[in-house]
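The points are grouped by topic.

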Amino acid sequence: MARTYSDIKLEIKGQIGIIKFNRPKALNSFGGNLIENTISAIRTLNEHPDTIFTVLTGEGRFFSAGADVKASTERHAMDTETDLASTKLKFVGRFGPAQELLRSMIDHKKVLILALNGPAVGGGAAWFPGIADIVLASSTAWLQCPFSALGLVPEYGSAFSFAQSIGIHRTNDFLMFGRKLTPKELLDAGLYNYVWEETGDAFQAKVVKFLEDQLAVNDGKSMCEMKRLQNDPIRDARLLAVVRSTDALAERFVEGAPRKRFEAKKKELDEKTATRSKI
């Protein structure tokens, strides 16, 4: 029996499996069961007998806003552990699901297509583009990673995967300084394969048509083998980068650096919400 998901949609169209983040009201931020649902769907498609492409995309105007800032702030406020080792173990445990998501994408056997239907921020921008095999983007799909502004570090191996994709200096500008990059900049840098003007349902339809066209002229097994031959030599380095960045992230939380910055961000979001409600 096919599983029912609460925070994603899973659809199979011929040889194309589509995983769609489905928390549009929360800009597809990583709350609820989104991460766990995505891991389960990737696992399902990894063993599917017919699919060649696995597409990761989002519902609504955003691909993903990354961490759920309000939920994260509430969790941090509950962290009253005084023993630093216990504090670190607590955070390392929390990061386990995201770490498994990255491992499942790194080890995924099918051709992983990232279809950025809209902007991505934080983890939404950092976790996926450097791991994906092909990146298709809407003209609205800018990226930004304000990790330094929040007292964090580039998450789950993104410093390594981005450096492989766009070079060290561009990666430093993007991840260290948190600069917003436009779709054109990302296309020119080589992170995006294609940028299309279409948005919404028209973009999603174009993604499917593009992949169907590839399947019409290219052998599926050959494409999967191309992926394997390219990724096998760097697989262990990618996983090590995920582990090292998880350790560095946990240490930032042990030091307490992100708490005040998350609280300030939550206050800013609450004030914006209150202002909108008065209009």
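The second largest pocket has a lining of 29 residues, and those nearest its centre are Ala132, Asp133, Ile134, Asn193 and Gln230. The model is predicted. The points below start with this pocket, then turn to the sheet, a helix and a cavity.

**The second largest pocket**
- The space in the second largest pocket comes to about 580 Å³.
- Two or more lining residues come from each of strand 4 (111–116), strand 6 (134–138), helix 6 (158–166), helix 9 (200–217) and helix 10 (220–231).
- Helix 10 contributes the most to this lining, with five residues.
- By type, the lining of the second largest pocket consists of 16 nonpolar, ten polar and three charged residues.

- Six strands make up an open sheet with mixed pairing, and their order is 1-2-3-4-6-8.
- Strand 1 (8–13) and strand 8 (194–196) are the edge strands, each pairing on one side only.
- From one strand to the next, the twist averages 20 degrees.

**Strand 6 and its neighbours**
- Strand 6, which gives residues to the pocket lining, is mostly covered, with four of its five residues buried.
- On one side, strand 6 runs parallel to strand 4, and four bridges join the two.
- Ile134, one of the residues nearest the centre of the second largest pocket, stands opposite Ile113.
- Strand 6 also pairs with strand 8 in the parallel sense, over three bridges.
- Leu136 has Tyr194 in strand 8 as its bridge partner.

- Strand 1 and strand 2 (residues 16–21) run antiparallel and are joined by six bridges.
- Two residues lie between the strands of this hairpin, where Gly14 has a positive phi near 65 degrees.
- Lys13 is placed opposite Ile16 in strand 2, and Ile12 has Gly17 in strand 2 as its bridge partner.
- Strand 2 pairs with strand 3 (residues 53–58) in the parallel sense, again over six bridges.
- Lys20 has Thr57 in strand 3 as its bridge partner.
- Strand 2 is mostly covered, and six of its six residues are buried.
- Side chains in a regular strand alternate between the two faces of the sheet.
- In strand 2, Ile16, Ile18 and Lys20 point one way, while Gly17, Ile19 and Phe21 point the other way, and all are buried.

**Helix 11**
- Helix 11 (residues 235–254) has 20 residues, so at 1.5 Å a residue it should span 28 Å; its end C-alpha atoms are 29 Å apart, which agrees.
- The buried residues of helix 11 are Arg238, Leu239, Ala241, Val242, Ser245, Thr246, Leu249, Ala250, Phe253 and Val254.
- Gly256 follows helix 11 and has a positive phi, near 80 degrees.

**The largest cavity**
- One cavity of 30 Å³ or more is found in the structure, and the volume of the largest cavity is about 30 Å³.
- Its lining is made up of Ile106, Ile131, Tyr156, Gly157, Phe160, Ser161, Arg238 and Val242.
- The lining of the largest cavity divides into five nonpolar residues, two polar and one charged.

Terms used. Residues numbered from 1 in each chain as written. Predicted model: local features only at pLDDT ≥ 70, side-chain atom pairs only at ≥ 80, totals over all residues. Heavy atoms only, no water. Pairing = 2+ DSSP bridges. Axes fitted to C-alpha atoms, helices over the stretch in contact; angles between N-to-C directions. 1 Å grid on protein atoms, 1.4 Å probe; cavity = no way out; pocket = protein on both sides within 12 Å on 5 of 7 lines; lining within 4 Å. Points joined across faces, edges and corners; volume = space filled by probe spheres on them. Nonpolar A, V, L, I, M, F, W, Y, C, P; charged D, E, K, R; others polar. Buried < 20%, exposed > 50% of the residue type's maximum accessible area, 1.4 Å probe, protein only. Expected span 1.5 Å × (residues − 1).
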